[in-house]
Amino acid sequence: MKPWLVALLALTGVRLVLAAILPLSPDEAYYWVWSRHLQPGYLDHPPMVAIFIWLGTALVGENALGVRVLGPVTLFIGSLMLARSTEDLFPGRSAGPWAAALMNATLFAALGAVTMTPDTPLLFFWVVTLWAVARAHRGGDARWWLAAGFFAGAALLSKYTAALLGLGLVLWLFLMPEARRWLRHWQLWAGGALAMALFAPVIFWNAAHEWASFAKQGGRTAEGGAGQSLRWLGELLGGQVALVTPLVFLFCVAGGFMAARQVWRARDTGAGLLLALILPGAAIFLWQALGSRVQGNWPAILYPSAAIAAAALLPAAWRRWRIPALALGFAMAGAAYLQATAAPIPLPRRQDPTLARLGGWDGLAADLARAARREGAAFIAAEEYGLASGMAFRLPPELRVVAMDPRWRFFTLPEPPENAQGLLIRSERRGEGPPLWPGATPVEGEAGRLIRARGGQQAEAYRLFRVTTAPGLPPSAVLPQARR
């Protein structure tokens, strides 16, 4: 077996172990709730992340590994497909393993492999769509466009930014002379129709729910002043340097410029495909940063193509920097993994995202269960969807969890029982305003305050309130709970 495959297998094994032992984040628990209530669409995203979790928990069980298992597995498969795509687009350069290595050395991949978010299936289906198109380009077999259409449709079912994949392919087909020949093949058009057919249930769901998801995701751009725009642009660029890791980011940017040069000078069709999958997204994210914040994970879809360009197109002078770039990337990933699991450096919440997102959830659930027994509470309520989902995943089934948020009206979940006594848990970060639950009364003293902590380092503080179900509650629902 080739050494790079052995290394990739070992890395996947490490990621599977981490996926099993790291606590679920609030967002992951929220997506797990989706998997217990499968439907064609959700307020936040299309349904593929819920399907991934549903498959994983069916295979492994309703635990952290079950929620995440398809992350390391699909990244392993996607890495093989990325290497194969590189060889198909630029044969004879032995650049495939380097492209896969550059991609795996990013924090995008390192963190995405051990957590389950909509970016996990999106990145996978983006890469395998690229692989199918590269297969068609290399071998001239139009049937690969049917596979590309299927995978592109699955990408659209993962996240709406997959529309950039379709946009890039359309630009490539119409602007590159050699690619235009595919426009004469019915398989290309059938592949496009297949992609839209797969996405159609999401459209129908939106039509039946006031176009809520399209409106939420399509209305993110806001107007900001020059100072804010500079701040958001700085955040975007700084976030990319950190999440891609500095040297790998430099490689990817340089690879993108080399792809543009190849297109300009030689009309290279393979380089044109990579450029078409980088430039539109990069331009849109930069434009959006002029008016609103762009989350650091959104541009992750640009880097598979950029990694191929960096591995296959950069001149020989860059090769001596490959090993340092990979070493720094994997070192940063290892440091993030170590901090998330063992927290050897006692950083405060503001400086440690692993503490903020992952730390102390099991202990909080145990403390909350004890408080419920002490108070005789039949249920736990929470205003934050992530907090409610995390408690639903962790609390014993006899202690029901009531979630309060307008987003739950897009589910057909049961309503809370009438005249039941419960406890509302509320983060102190929400301020001193009154709880949303009418008539909530605080639990006085130390018994009414819970701390989520990891290794003695506080992640968050919460207040408890006594509540009673009654007519006229704000939108709320009883969440499904993990099968133990």
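1. Glu235 forms a salt bridge with Arg231, the closest N and O atoms being 3.3 Å apart, where a salt bridge is a side-chain nitrogen of Lys or Arg within 4 Å of a carboxyl oxygen of Asp or Glu. The two residues, Glu235 and Arg231, are four residues apart in helix α13 (residues 226–244), so about one helical turn separates them; helices (H or I, at least four residues) and strands (E, at least two) are DSSP runs, numbered from the N terminus. Glu235 is partly exposed at a relative accessible area of 33%, and Arg231 is partly exposed at 45%, given that buried means under 20% relative accessible area, exposed over 50%, and partly exposed in between (1.4 Å probe, protein chains only).

2. This is a predicted model, in which local features need pLDDT of at least 70 and side-chain atom pairs count only at pLDDT 80 or more, while totals for chains, interfaces and linings use all residues. Residues are numbered from 1 along each chain as its sequence is written, and side-chain values use heavy atoms, with hydrogens and water left out.

3. A second salt bridge joins Glu375 to Arg466, with the closest N and O atoms 2.8 Å apart. Glu375 belongs to helix α19 (residues 361–375) and Arg466 to strand β6 (residues 457–468), so this pair ties together parts that are 91 residues apart in sequence. Glu375 is partly exposed, at 28% relative accessible area, and Arg466 is also partly exposed, at 37%.

4. Asp405 and Arg407 likewise meet through their side chains in a salt bridge (3.2 Å, N to O), but here both Asp405 and Arg407 are buried. Elsewhere, Arg349, Glu384, Arg429, Arg452 and Glu460 are linked in a network of salt bridges, and the structure holds 25 salt bridges.

5. Arg322, in helix α17 (residues 322–341), deserves a separate remark. Neighbours within four places in sequence aside, Arg322 is in contact (heavy atoms within 4.5 Å) with Trp98, Phe251 and Ala311.

6. Helix α2 (residues 26–35) has nine of its 10 residues buried, so the rest of the structure largely encloses it. Among the buried residues of α2 are Tyr30, Tyr31, Trp32 and Trp34, together with Glu28. The packing partners of the buried α2 residues are α3 (48–60), α4 (64–68), α18 (353–358), α19 and α20 (385–394).

7. Val202, in helix α11, counts as buried at 0% relative accessibility. Its C-alpha atom is separated by 6.5 Å from that of Pro46, although Val202 and Pro46 are 156 residues apart along the chain. Residues up to four places away in sequence not being counted, Val202 touches Pro40, Pro46, Pro47, Leu157, Tyr160 and Phe214.

8. On the surface, Leu167, Val170, Leu171, Phe174, Leu175, Trp189, Ile284, Trp287 and Leu290 form a nonpolar patch with about 900 Å² of accessible area together. The elements giving two or more residues to this patch are α10 (163–175) and α15 (269–288), and α10 supplies the largest share, five residues. Patches are made of residues with over 30% relative accessible area and no salt bridge, like charges being joined within 9 Å and nonpolar side chains (Val, Leu, Ile, Met, Phe, Trp, Tyr) within 5 Å; accessible areas come from the Shrake-Rupley method with a 1.4 Å probe, and for residues only the protein chains shown count as cover. Trp189, found in helix α11 (residues 186–208), is exposed, with a relative accessible area of 51%.
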